[in-house]
Amino acid sequence: ISPAELASTPTEEPNGSGHLMDFLDEPFPDVGTYEDFHTIDWLREKSRDTDRHRKITSKSKESLWELIKSLLDAWSGWVVMLLIGLLSGTLAGVIDLAVDWMTDLKEGVCLTAFWYSHEQCCWTSNETTFDDRDKCPQWQKWAELMTGHAEGAGAYVLNYLLYVMWALLFSFLAVSLVRVFAPYACGSGIPEIKTILSGFIIRGYLGKWTLLIKTVTLVLAVSSGLSLGKEGPLVHVACCCGNLFCSLFSKYSKNEGKRREVLSAAAAAGVSVAFGAPIGGVLFSLEEVSYYFPLKTLWRSFFAALVAAFTLRAINPFGNSRLVLFYVEYHTPWYMAELVPFILLGVFGGLWGTLFIRANIAWCRRRKTTLLGKYPVLEVIAVTGITAVLAFPNPYTRRSTSELISELFNDCGALESSQLCDYVNNPNMSRPVDDIPDRPAGPGVYNALWQLALALVFKIVITIFTFGMKIPSGLFIPSMAVGAIAGRIVGIAVEQMAYHHHDWLIFKNWCRPGADCVTPGLYAMVGAAACLGEPRLMSFYPPIVMDFGKGLNGTSREESTPPTLATDERGPRGKAPLWAFLTQDPTRVEELEALIKDTDYKGFRVVISRESERFMGFVQGRDLPLAIRKSPFKQDGVVSSSVVYFTEDAPLLPPTNPQPLKLRRILNLSPFTVTDHTPMETVVDIFRKLGLRQCLVTRSGRLLGIITKKDVLRHMAQMMNQDPESIMFN
């Protein structure tokens, strides 16, 4: 790589793990921090934490108070995990309760206590019968409350209109709050969380306003009846809680690397409260979203997930004293022959994922050129109106998606009153409740099948247009709903085939007449699992562009990288100017200000002298103007004509000279460097495993330039005959 090519990097900040402060006891404010939409320096953050820990350990031997402070610092991590778990579980419980109430509010209201949902209202009723367990005099639909008539065409139309009006009101409030107060509260949040955990800075994405608005608008968006879920955004909510508590402890608020350890644990807590699975939350954080996951973070993540799950269980939003969102028990084992329909459901999941990704990307591109792209509020209102108008006539799309999935998962027992369990019963049957044999389907089952088929088409189409709007939206539940509907339809079909054709060879060995052979709910669960993972591939794609460490995992280094840095024949990109440098020799403040004004470099090399150009250290472009601007507040007598020193001891100056500016403390004396003969395979491994943004290239102690992760990616694209300038946005 030529020196000009290595040097022309005006958009990247250099890496380093050296001390930022080694001359003054107090640092300049904001020196050593990061700008918005920049990556952090993992090595520097690790070095900072090591220095802080060493300082605390040495002070703990001086007095009892310092020992207590060191113990508090050691336990602060567990305290943060406890607080994250408590707040995440509480917010998840409140969201679940509010969603249940507001979803039922679209259809009616509880007369005895308006804050009760339909199910809660009928719990305390003594007039509920077994056949009409969902009906009680305390709960009235809007038409019955306003006109006194619960049945008839007029009541149906009135309930229809009020259902649509409530849905439009909820969605309008959600999108308005997001646009006005917290634009970052839209979407799922998982791709951005993955990007942040890989070392990217997005100011305000995990702020207090985002937490508040996301919590409120998530309830409104889910209650509006749109084809979206709350499980994905709960991860964002939990990470906002983690960032909030990080600000209470300087150990985490002043170190971006340590902050990301807390955010990894918070992501685990978010999945824990979303699905009632603490271990699943830890695995999700470890395998999907985290870039740096040490062993201590593993245990702390599990602790935070457990606390969040137990807090949610104490609130008991589902009314069954269980953690999981969908709790089912199947008493009939599956058989080897059933692997064939299971495989077909897996194929359907792949086809659904492909269709969703391609169609949603195409719609997102189209959205930019339409009126809806310019007016996101109008888009949300339009999609909500279409969703509500089409969803109300079908009972399987009118109810909330979570209730739909729960009904599809359930096995038909003697106490079930769903249409899906309307089988023709044998009056002479005398079997246990949990071992009901296969029976011929009744009219309710056939009626439910065509309604489910319409619901499947509706969910597939409307989810494509819903995901990506400017409201909180998760993709877990809609994907599970699509798979559960398809699985239940396939399960009923296999069940009826096994009943009516039990003499076929495929059923003869394992399905006898009068036996409980096929469980349609199990097929719904398999279908939900098959469809859950496929569309999320798109959700995790965008941060791969910014996450160099994981973006290289699937690339062949032998084919795309030269043997050493010196053998790379690339020339400079465009008319790259020679790299500006600073010298250890005296330089005036006004000269530095002019250099900063005339260039947009993010880093400056410091050499011993202009003649030797022997490399001494690095100064970050962000730290240098901050130190100059704030120097009058830290060092008296500093003016534009003051001499700048990067040495540890400034020479004695005549009394008439102004006070010198000492910037030794912002000089990074040990940035990460390689020689020009370092194999490119090694350089790629260094970037991938250490999370570097860039490293310096030297020869015999003389700095040749700097190579960044974008340089490597561009060169790899060029080796594969791709446009090197578009690799960041492909």
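Colleague: To begin, which side chain does Lys258 meet in a salt bridge?
Modeller: Lys258 pairs with the side chain of Glu261, at 3.5 Å from N to O. A salt bridge here is a side-chain nitrogen of Lys or Arg within 4 Å of a carboxyl oxygen of Asp or Glu. Please note that this is a predicted model, in which local features need pLDDT of at least 70 and side-chain atom pairs count only at pLDDT 80 or more, while totals for chains, interfaces and linings use all residues. Residues are numbered from 1 along each chain as its sequence is written, and side-chain values use heavy atoms, with hydrogens and water left out.

Colleague: How are Lys258 and Glu261 placed in helix H11?
Modeller: They are three residues apart in H11 (residues 256-275), so about one helical turn separates them. Helices are DSSP runs of H or I with at least four residues, strands are runs of E with at least two, and both are numbered from the N terminus.

Colleague: Is Lys258 buried or exposed?
Modeller: Lys258 counts as buried because its relative accessibility is 4%. Glu261 is buried as well, at 8%. Buried means under 20% relative accessible area, exposed over 50%, and partly exposed in between, with a 1.4 Å probe and protein chains only.

Colleague: How many salt bridges does a search of the whole structure find?
Modeller: The search finds 13. Among them, Glu66 meets Lys69 at 3.9 Å, N to O. Both residues lie in helix H3, three residues apart, or about one turn. Glu66 is buried at 18% relative accessibility, whereas Lys69 is partly exposed at 38%.

Colleague: And which side chain does Arg399 meet?
Modeller: Arg399 forms a salt bridge with Glu407, at 2.0 Å from N to O. Glu407 is buried, with 16% relative accessibility, and Arg399 is partly exposed, with 26%. Elsewhere, salt bridges that share partners join Asp49, Arg52 and Asp73 into one network.

Colleague: Which helices supply at least two residues each?
Modeller: They are H3 (64-105) and H13 (295-315). H3 gives the largest share, nine residues. Val79 is found in H3, and it counts as partly exposed because its relative accessibility is 37%.

Colleague: What about H12; which of its residues are buried?
Modeller: Pro278, Gly281, Val282, Phe284, Ser285 and Val289 are buried. They cover an arc of only 160° around the axis, which puts them on the same side of H12; the arc is that of the directions from the helix axis to the C-beta atoms. On the other side of H12, Ile279 and Glu287 are exposed.

Colleague: Lastly, in which sense do strands E10 and E11 pair?
Modeller: E10 (residues 694-699) and E11 pair in the antiparallel sense over six bridges; pairing requires that DSSP finds at least two bridges between the strands. Val697 stands opposite Gly705 in E11. Two residues lie between the strands of this hairpin, where Ser700 takes a positive phi near 55°. Strand E11 (residues 702-708) is mostly covered, with six of its seven residues buried.
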